[in-house]
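Hi everyone, thanks for coming. Let me put the model up on the screen, and then I'll walk you through some helix packing.

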Amino acid sequence: MTSTTLAKAPARPVSRRVGRAPSRRDRWSRRAPLLPALIFAIVVTQVPFLVTLYLSTLSWNALRPGSRSFVGLDNYGTVLSDGRLRAALLNTVVLTASSVIVSVLLGLGLAILLDRKFPGRGIVRTLLITPFLVMPMAAALLWKHAIYNPAYGLVNGVLGGDTDWVSTYPMVAVVATLVWQWTPFMMLIILAGLQAQSLETLEAARVDGATAWQTFLHVTLPYLRPYLELSALLGSIYLVQTFDAVFTITQGGPGTATTNLPYEIYLTTFRKFEYGEAAAAGVVVVIGTIVVATFALRVISGLFRMEVQR
């Protein structure tokens, strides 16, 4: 009986390129060009916010000089219990939610339209983007005088009558202005998602016998979900801070019908001169914005991961 001994060949050493760890000097040489921008961002954003936090702990009325005192979190209790501020918070939610929802729906429809090829698509796209390029104050003045004016406004000129739209439907007037301005922003984000969609997937659905509506409902819409979420979250971050349209069109009225938190902060600061209370309300708005921004950043990171996997 012959025995054959199979000797295992020694494993080949795996060559690894061991790079030299960057020294502290190398790390700082890469970071140094960014330091001016970082310092500028800290001075412009973080220092004012820290000052606002400090002011929010003070009882400070400009009409009573010398009566400034430390009150801790009492101003926050006033903000959360004051009837006007609660109404302003509710108006902020209604104004932001309605503007974002309508803008996203209109942006989705316009993005689907622009995703198709037709003569003059470039001109139509440019015209649809134009409202987003108009300054907010200019847009509010345009709608107040050229659209809503009861004597010579476009709406009454088309529909007839002499309805004062700002006084009769104040919230609708402000929301319509914001929707007109922010729909192009939503449209651009959704259009980017539509144009990034795989044509092979759409063709496969068409070959399987799916109708256009079924393809949109079960293929395109789920794919667009991150883009829809991103547009809604970014729109909410900006629209929750709306001041120009409310100040210009309705002045928060009639009564407090359209008074949102930014406008109420303005009234608290420059009408009541309660600096501490206004600072506390501002901190509440910033915290709410940070919460929304956190979800927006998660959606953005999810989109990046999705693109890398592709």
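At what angle do H4 and H9 pack, and how far apart are their axes? First, a word on what you're looking at: this is a predicted model, where local features need pLDDT of at least 70 and side-chain atom pairs count only at pLDDT 80 or more, while totals for chains, interfaces and linings use all residues. Residues are numbered from 1 along each chain as its sequence is written, and side-chain values use heavy atoms, with hydrogens and water left out.

Back to the question: the angle is about 45 degrees, and the axes of H4 and H9 are 6 Å apart. Axes here are lines fitted to C-alpha atoms, for helices over the stretch in contact, and angles run from 0 to 180 degrees between N-to-C directions. The helices themselves are DSSP runs (H or I, at least four residues), numbered from the N terminus. H4 and H9 are therefore oblique to each other; that word covers whatever is left after under 35 degrees (roughly parallel), over 145 (roughly antiparallel) and 65 to 115 (roughly perpendicular). Their crossing is right-handed, meaning the near helix is turned clockwise from the far one by less than a right angle. By class, this contact has 21 nonpolar, six polar and no charged residues. For those classes, Ala, Val, Leu, Ile, Met, Phe, Trp, Tyr, Cys and Pro are nonpolar, Asp, Glu, Lys and Arg charged, and the others, Gly among them, polar.

Now turn to H11, residues 212-239, whose axis comes within 9 Å of that of H9, residues 170-195, crossing at roughly 145 degrees. H9 passes H11 in a right-handed crossing too. Among the residues that meet are Trp182 and Phe185 in H9, and Tyr223 and Leu224 in H11, where contact means heavy atoms within 4.5 Å.

Which residues touch the most other members of the largest nonpolar core? In this set of 42 residues, they are Leu95 and Leu224. Such a core joins buried Ala, Val, Leu, Ile, Met, Phe, Trp, Tyr and Cys residues through side-chain atoms within 4.5 Å. H9 gives the largest share of this core, 14 residues. Leucine 224 touches Leu108, Ile190, Gly193 and Leu194, leaving aside residues up to four places away in sequence.

Last stop: threonine 220, also in helix H11. Is threonine 220 buried or exposed? It counts as buried because its relative accessibility is 7%, and the cut-off is under 20% relative accessible area, with exposed over 50% and partly exposed in between (1.4 Å probe, protein chains only).

Key: Helix = DSSP H or I, 4+ residues; strand = E, 2+ residues; numbered from the N terminus.
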